[in-house]
Structures are given as structure tokens and as C-alpha cells.
Amino acid sequence: MFSSIFDSLNRLFKPKNPRMELVSLRPWENGPIPVEMPDLPSMLNFKEKKLLYWLTAEFYRGTGAIVELGTFLGSSTAHLAEGLLANSQVESKMIHSYDLFAAGPFEAKWLTERFGLSAAPGYNFRHLFSENVEKYADILTVTEGDICDSAWTGGEIEILFVDLCKTHAINDFVIMEYFPHLVPGSLLIQEDYIHGALGWLHTTMELLSSYAVPVADTDTNSMVYYIKKPIPQSALKRCLWDATTFDEKMKLMDRAIERLDTQKKREMVTAAKNQLVNICRREKLAA
Ligand SMILES: C[S@@+](CC[C@H](N)C(=O)[O-])C[C@H]1O[C@@H](n2cnc3c(N)ncnc32)[C@H](O)[C@@H]1O
């Protein structure tokens, strides 16, 4: 009798997947990054930097590609690259990085304020990125241009870091071009998830909740998803902006907010919900 109770308890508490369980323990928080990182301008918080380093140093097994969408000046690139260099499990090392490298109003303001550059929107910052990540050039494949003109032909993706879905049109493109290559065991990092904008990330991830399990976060910004089964095209199409009504979007936002574990995170995602309401109103008026 005792053994059957023990078996049931064991089944209940046994991690469903040891790699998913490992990520849920946030091991990157346990210590400093074990190498000296170049001091690069960054839009990431320190926990995200540690997460990216850990992902490529410890989690990555080389069963699929590492894809970074949105580099800006190369901070995320450098953390992924240093981790990958430290990874003794894999021989073939490559990171596929994408950016427009042309400043939008937000990036232009950032470059002007931090660098004293008179960077107007449209300013090309590729040279700054290239200088910053020169050390890793051998393990980087960099694609410059609008992500919506890209095509992913590199097969399965093991780690997908997404930090450029600043509009729902870009989000739609990334879903259809990159998400089909996520496979069971892959990780998807949505950088702008615990943040007060970009509600399409939340509606998307709610609709994909049977395929992509939220396993860890970095308190602000990034949410990490473990892919537990292949995502069919029908489920991806359901995530596109025009595939849900306003009321459905609101219900999905409420579900995303309820799922969060602190009031601070719930407040941030509530701000994203409010932002989504404003965007929907503006688009309705313009239609
Ligand atoms: C928040 S920043 C990335 C920050 C970066 N990961 C870091 O570590 O600091 C977002 C980036 O997305 C890029 N971006 C925005 N829209 C894009 C598009 N349509 N195609 C390609 N890149 C785009 C911007 O140029 C910007 O560098």
C-alpha cells in the first residue's frame, strides 16, 4: 500500500521533463557570468544577460540552430556568443542574428542620448554593432534588413530569442516564418513579454499554451517558453492579428495576466492590455 502511495506521489512530483524542470529553476541566477563580458550598451537587464549566456553555455546541445531576432548594438549577441564559446558539448558553433540596423525613433533617441550622436531616425548603426561583436565574427551569421523580408532555411531552431516584434505585423511574420521550426525541447524567449506594451506577444503565447509552456522569466522583460510538442500550422495561423476579434484578444490578455505570479508583473502586462485597446481603437478609426 505504502509503495503505491509512494508511486503516485512520485508520479505527481516527478519532473515531466528534466530539461524543462532545469530551466524552471533559473540556474543562471545562481552566480555571476563566469567570464568578463565586454561592457556594451544594452537594452537588457542583468538577469537577461545571465540567461542568454547560460542558454548557449549550458543548455544548448547543438540539435538545432541558435537564432537571435533583434541585436541592436550587440549586447544580446555578445552574451549568446560568449556562452557558445564556453560550451564544450558542441563543436559546430553559429548564431544567426538579424536586425534592420536602421534606427527607429526609439533607437535614434537612445543613440543620441547615450552616445551624443546626432542620430536621426534611419541612422545606420551596423558599424557600431560590428565593432562591438568583432571578437565573435567567426561564429556569427548576420542578416541586415527588415525581418519581414527574411526567409529561414536553416532547419530546426533550438534557441529562438525574439526581441524585435515591435508591431503586430512583425509578430505575424515571425510566427509564420520562424515558429514552425521550433521542435519539442526548443526554447523560445519573448524579450518584451513582462513589459507594458506589445500585447500581441501575450495573445500569441496564450493561444500557443498547449505547445509552448512558460517555464521561467527574468522578473522584467523576458519570458522563457519550453516547446513541448510541434506547433501545427493551424495553431500558428490562429495567432495572427486578424484571426482574433477584439473580445477574444481581451480574454487572452486577461488569461495572460492571471498566469503571472507577482502583482508587479500583472501591472506591467495590464499596461500592455491597455496599450492593445488603444491600438485596436486607432485601427478601427482609421479603417
Ligand atoms: C529592443 S532592440 C534589441 C535590443 C538588443 N537585443 C540588446 O541586447 O540590446 C530591438 C531591435 O529590433 C530591431 N528591429 C525593429 N524592427 C525591425 C525589423 N522590422 N526588422 C529587423 N529588425 C528590426 C531594431 O533595429 C532594434 O535594434
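Let's start with the core. The largest nonpolar core has 73 residues. A nonpolar core here is a set of buried Ala, Val, Leu, Ile, Met, Phe, Trp, Tyr and Cys residues joined through C-beta atoms within 7 Å. Buried means 20 or more other C-beta atoms within 10 Å of a residue's own, with C-beta atoms placed from the backbone. Which members touch the most others? Val162, Leu187, Leu188 and Tyr225 do. Helix α3, residues 46–59, gives this core its largest share, seven residues. Helices are DSSP runs of H or I, at least four residues, strands are runs of E, at least two, and both are numbered from the N terminus.

A word on the model. It is predicted, so local features need pLDDT of at least 70 and side-chain atom pairs count only at pLDDT 80 or more, while totals for chains, interfaces and linings use all residues. Residues are numbered from 1 along each chain as its sequence is written.

Take Leu188. Beyond its neighbours within four places in sequence, Leu188 contacts Leu160, Val162, Leu182, Ala212, Tyr225 and Ile227. Contact means C-beta atoms, placed from the backbone, within 7 Å.

Next, the hairpin. Strands β6 (residues 212–217) and β7 (residues 221–227) pair in the antiparallel sense over five bridges. Pairing requires at least two bridges found by DSSP. Val213 has Tyr226 in β7 as its bridge partner. Three residues lie between the strands, and Asp219 in this hairpin takes a positive phi near 70 degrees.

Back to helix α3, where Thr56 sits. Is Thr56 buried or exposed? Thr56 is buried, because 25 other C-beta atoms lie within 10 Å. Leaving out residues up to four places away in sequence, Thr56 touches Ile66, Leu80, Gly83, Leu84 and Asn87. Ala86 is 30 residues from Thr56 along the chain, yet their C-alpha atoms are 8.2 Å apart.

Now the ligand. How many residues surround it? The count is 19, and the closest are Phe72, Ser75, Ser76, Leu100 and Leu164. Helix α4 (75–86) and strand β2 (95–99) each supply at least two of the shell residues. By class, the shell has nine nonpolar, five polar and five charged residues. Nonpolar counts Ala, Val, Leu, Ile, Met, Phe, Trp, Tyr, Cys and Pro; charged counts Asp, Glu, Lys and Arg; polar counts the others, Gly among them.

Last, helix α11, residues 263–286. Its buried residues are Val269, Ala272 and Leu276. They pack against β5 (182–194), α8 (199–207) and α10 (246–259).

Key: A residue is near a molecule or strand if its C-beta atom, placed from the backbone, lies within 6 Å of it. A residue is buried if 20 or more other C-beta atoms lie within 10 Å of its own, exposed if 12 or fewer, and partly exposed in between; C-beta atoms are placed from the backbone. Two residues are in contact if their C-beta atoms, placed from the backbone, lie within 7 Å.
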